[in-house]
Amino acid sequence: MSKPYLTYLTILVNLIVFQQENQWGGSENLQTLHTLGALTTEDILKGEWWRLITANFLHYGWFHLGANMLGLYYMGSIIESYLGKIRYLIIYFSSGCLSMILIVFYFLKIGESQTLLVGASAAIMGLIGAMGAIFLQDWRQEKSVLARQRFMLLLVVVGIQFLIDYHTPHVSLISHIFGLIIGFISGLMLIRETA
């Protein structure tokens with residue numbers, strides 16, 4: 001089994017961007033985050049579509065970065081090893097970027113244009129969704145107790161994550177939900193391609 005080098009590279013890019021945040025004024029400085037590519041609905045409406053990508057690599061403070069990179073290390077390594085490098089990238093970027101697009105539509109619907117959105121959380125939740133797709137497929141094919149237990153345990157972990165998200169200020173629960181769903185659907189489609 002090959003090493004998950006793209007996962008390592010993705011983590012490295014996030015760390016380099018975080019270093020830039022600190023050099024430009026601090027990772028908890030909203031103006032710095034905005035300058036470096038945080039997402040707001042207003043900016044997207046102005047045509048700054050590149051923020052759909054850059055916002056995925058920015059993080060608000062050390063805890064935000066650390067929690068996301070730990071999740072990325074574990075989830076990314078599993079998905080990249082199981083589905084391969086290209087499929088890993090498809091799931092990661094589609095979950096992150098499509099979640100950002102859906103958040104823009106959601107913010108438009110509720111009339112919110114100024115909220116800054118940053119972080120790799122939606123992309124990482126997409127990897128968790130893809131893992132759910134893998135476990136579900138294994139359960140359906142193997143009919144084994146272990147496969148069912150893995151899938152059920154993952155559902156419990158996701159439920160706990162959403163409870164934490166709901167009670168934590170400044171965390172976008174809705175983007176996590178979008179990421180999870182997109183990752184699950186992407187995972188199902190990509191697993192079928194490998195079958």
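Modeller: This is a predicted model. A place to begin is L33, which is in helix α2.

Biologist: Why is L33 called buried?

Modeller: Buried means under 20% relative accessible area. L33 has 1% relative accessibility, so L33 counts as buried.

Biologist: What does L33 touch, leaving out residues up to four places away in sequence?

Modeller: L33 touches E21, S27, A38, L58, H59, Y60 and L116. A contact here means heavy atoms within 4.5 Å. As for F18, which is 15 residues from L33 along the chain, the two C-alpha atoms are separated by 9.9 Å.

Biologist: Where does T40 lie?

Modeller: T40 lies in the loop between α2 (30-36) and α3 (41-45).

Biologist: How do you know whether T40 is buried or exposed?

Modeller: The relative accessibility of T40 is 3%. The limit for buried is under 20%, so T40 counts as buried. Leaving aside neighbours within four places in sequence, T40 is in contact with H34, S113, Q114, T115 and L116.

Biologist: What makes Q137 buried, and in which helix does Q137 lie?

Modeller: Q137 lies in helix α7 (residues 121-142). Its relative accessible area is 14%, and the cut-off is under 20%, so Q137 is buried. Q137 and S94 are 43 residues apart in sequence, and their C-alpha atoms are 21 Å apart in space.

Biologist: What about G183: buried or exposed?

Modeller: G183 is in helix α9 (residues 173-194). With a relative accessible area of 0%, against a limit of under 20%, G183 is buried. Not counting residues up to four places away in sequence, G183 touches I91, S95, G126, G129 and A130. The C-alpha atoms of G183 and S99 are separated by 10.0 Å, while the two residues are 84 residues apart along the chain.

Biologist: How does the reach of helix α6 compare with what is expected for its length?

Modeller: Helix α6 covers residues 85-110, which is 26 residues. The distance from its first C-alpha to its last is 37 Å. At 1.5 Å a residue, 38 Å is expected, and the value is close to that.

Biologist: Which residues of α6 are buried?

Modeller: They are Y88, I91, Y92, S94, S95, G96, C97, S99, M100, I103, V104 and F107. As background, an α-helix has 3.6 residues a turn, so residues three or four places apart point the same way. After α6 comes G111, with a positive phi near 75°.

Biologist: How does the reach of α5 compare with the expected one?

Modeller: Helix α5 (residues 61-83) has 23 residues and reaches 31 Å from first C-alpha to last. The expected value is 33 Å at 1.5 Å a residue, and the reach is close to it. Its buried residues include H64, L65, N68, M69, L72 and M75. G84 follows α5, and the phi of G84 is positive, near 95°.

Biologist: How many helices and strands does the protein chain have?

Modeller: There are nine helices and zero strands.

Biologist: Why is the protein chain called as compact as a globular protein of that length?

Modeller: The radius of gyration is 17 Å. For 195 residues the globule rule gives 16 Å, and the value is close to that, so the protein chain is as compact as a globular protein of that length. The C-alpha trace spans about 50 × 35 × 30 Å along its principal axes.

Biologist: What share of the residues is buried, and what share of the contacts joins residues 24 or more positions apart?

Modeller: Buried residues make up 46% of the 195 residues. Of the contacts with a separation of 6 or more, 74% come from residues 24 or more positions apart.

Biologist: And how many charged side chains does the protein chain have?

Modeller: The protein chain has 11 positive and 11 negative side chains, and the centres of the two sets lie 13 Å apart.

Definitions and conventions
Residues numbered from 1 in each chain as written. Predicted model: local features only at pLDDT ≥ 70, side-chain atom pairs only at ≥ 80, totals over all residues. Heavy atoms only, no water. Helix = DSSP H or I, 4+ residues; strand = E, 2+ residues; numbered from the N terminus. Rg over C-alpha atoms; globule rule 2.2 N^0.38 Å. Buried < 20%, exposed > 50% of the residue type's maximum accessible area, 1.4 Å probe, protein only. Lys, Arg positive; Asp, Glu negative; His and termini not counted. Charge placed at Lys NZ, Arg CZ, Asp CG, Glu CD. Expected span 1.5 Å × (residues − 1).
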